[in-house]
Each structure stands twice: as C-alpha cells, then as structure tokens.
Amino acid sequence: MEIMKLIPTGKDYLWGGTRLREEYGKKIDLTPLAETWECSVHPDGPSYVANTTFKGRTLVEILKEHPEYLGTKVKNGELPILVKFIDAKKDLSVQVHPSDEYAREYEMDNGKTEMWYVIDADEDAHIIYGFQHEVTEEILRKAIRTGTLDKHLQKVSVHKGDTYLVPAGTVHGIGKGVLIAEIQESSNVTYRVYDYDRVDKNGRKRELHFDKAVKVMSMNVASDVSHKPKLVQYYPGSSRELLCRCQYFEIERIQITKNFIFSVMETSFQVLMCLGGCGEVQKIDKDRKTMRFSKGETLFLPAGLGRCQIIGNVEMLKVRC
C-alpha cells in the first residue's frame, strides 16, 4: 500500500484563465485552462496515477480492484468526492446543483454539495451565494427575460483564505478573479440559470436549464455566509485548521514549517492538495520511503495506510470522509 500522486484531467470552459498552467505547473495543453479535476473517478474527468505499480492507470480502475483503499465509511464502493482547482478569469454562470435524491432519479448521478477554499482573489472579487430576498419562479423568469436577475442575487466579497460551504439547491456563481480549491460530491450535474448571454468558441450560447433549476433551488433568503471562527490546533512545526465538516467530507488546512505527523485510519482514505511550497511525505515504517511533491500537486492516501509524516515548508488541504 503506497501513497499515489495523481495526474488530473483539465477542462477548457470559456471563463477560465492560465494560472493553473503558469503558477501551478499543470502540463495540460488547453487554453483556457479553467479547471483541473485533481482527484476524480467521474467518467467526465478521471484522474490518473503518476507513480507506484499503478502508474498510468486511472484511479477508478485501482479503487475497483482495491475497494478497501476507500475505507469502511464508504458504503457503495465508489469514491464519493471530486477535488478540483478552479481558475475563474471571468464570471462563471449563475447555477444550481440538485440534491442526491433528485439527481439520482433524473440524472443518474449524485447531487452536488460543494466547498470552496479561496486560494487567491482580486481585490474586488466576489461570489454569488443565494438570493437577497425571497423570490418566486415568476419573478425569476421575468428577471432572466429582462436581464435584471442581478438585483435579486446576493453578492459576497471574497478574500484569500475564505471558506464557503455551498449546499445543493443554493444558487451560486464564482466571480472573476477568484482561484479556488473545490471539494464536492462526485457529480457533474449543473443547471445553468443565467450565463450573461455569452457565446462559446463556436459562436453559440451555452444551454440554460431554468426549468430544471427551479425544481431544485432554494428560493428563500440565503443563509449567513460570513466568516466564522474555526478550530485551530498548533504543534511544533505545524498547525491544522478545521475548515469544513459536513455529511460528505471533512476538510482541514495544514500549514507546515518543519514537519507534520498524522494517521490514515481504516475508516477513510485521505487526499492532500498542495496549495503552496514543497515537501516530502512518507509512511512511517521501517522503509521510510519518501515522495516529493510541490505546489499544485495532489496525493491520494489509501485507507489504513497508518502513520505518515510530511516534511517541508508547505500549505495543504487535507480531505477525508
């Protein structure tokens, strides 16, 4: 059982930029490079393994052969999360994702609750998070028809280090100038509500899905998304900060100046996303075999791997179920 370094699939959505290639070392020949699906078993964007005896194979193939790598908390034998980097050079569409129940019945996919960690943001950057006031289907249809949807949406200024949990059913959008790490359910179901009348590289407007969207969205006033205190623990040479815990995933931000020791239990796999710096990770056993990693790289640690250590000067997100 070894630590796996992952190779992502890239997406060239029209709102993307170039930062993932220029600053995060993504060797993907797409322009723009909007997203990299770092840890994914979804058929729309699988990730591959760069090392170990599994080198060159998809993560989904490996987990089918070794379901024990997922851990005892994963019940259906499939990786339940999808981990991404997202570079929004332009505004993303105003959109919504369905619940598990709706998506499984009508889309043959999971629903999509997601979490955003803001890696970087322009000074005037914002996100869209729900509505400023209660709306109805009639109000929304008129607003889209007349180009006035903006006045109903709640806009939230964002800053580096912010965290947002976006439950399924929440109308949302990432604004231009925001670079984020996204952890979500393993799903690719998105209903576009509004797309700023943009056209793609072929001169066509992207499809909207308003009729589906109104069936799954919350039309109430958006919940409070203001920053709340997080649990921070300090250790010699490192610290860990709980960013999010929900029914689908738990995410910590790890800052390391010297070393960080942790355990990967039999209950769940873990995913490490390197946001900055570089270091080495090793399983603490008699071999002490090390693997180097750097900014922009993502690692998969099988459940039951045991005690591990990260050495270096590095900022990471640590994800588990």
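Because the model is predicted, local features need pLDDT of at least 70 and side-chain atom pairs count only at pLDDT 80 or more, while totals for chains, interfaces and linings use all residues. Residues are numbered from 1 along each chain as its sequence is written, and side-chain values use heavy atoms, with hydrogens and water left out.

Q: How much space lies in the largest pocket?
A: A pocket is here an open set of points on a 1 Å grid over the protein atoms alone, where a 1.4 Å probe fits, with protein on both sides within 12 Å along at least five of seven lines. Grid points are joined across faces, edges and corners, and the volume is the space filled by probe spheres set on the points. For the largest pocket this space is about 680 Å³.

Q: Which element gives the largest share of the lining of the largest pocket?
A: Lining residues have an atom within 4 Å of a point, and the largest pocket has 28 of them, with N76, E78, L79, P80 and N110 nearest its centre. Helices (H or I, at least four residues) and strands (E, at least two) are DSSP runs numbered from the N terminus, and those giving two or more residues to this lining are α2 (59-65) and α3 (100-106). The largest share, 3 residues, comes from α2.

Q: Is H152 buried or exposed?
A: H152 sits in the loop between α4 (137-146) and β9 (153-157). Leaving aside neighbours within four places in sequence, H152 is in contact (heavy atoms within 4.5 Å) with F131, Q132, H133, V135, I139 and A143. Buried means under 20% relative accessible area, exposed over 50% and partly exposed in between, with a 1.4 Å probe and protein chains only. Because its relative accessibility is 9%, H152 counts as buried.

Q: Which residues does S223 touch, not counting those up to four places away in sequence?
A: S223 belongs to the loop between α5 (210-216) and β14 (232-235), and at 44% relative accessibility S223 counts as partly exposed. Its C-alpha atom is separated by 31 Å from that of F269, 46 residues apart along the chain. With the sequence neighbours set aside, the residues that S223 touches are Y129 and Q154.

Q: What is the omega of the cis peptide bond that joins T31 and P32?
A: Most peptide bonds are trans. P32 lies in the loop between α1 (19-22) and β3 (35-39), and the cis bond joining T31 to P32 has an omega of about -5 degrees.
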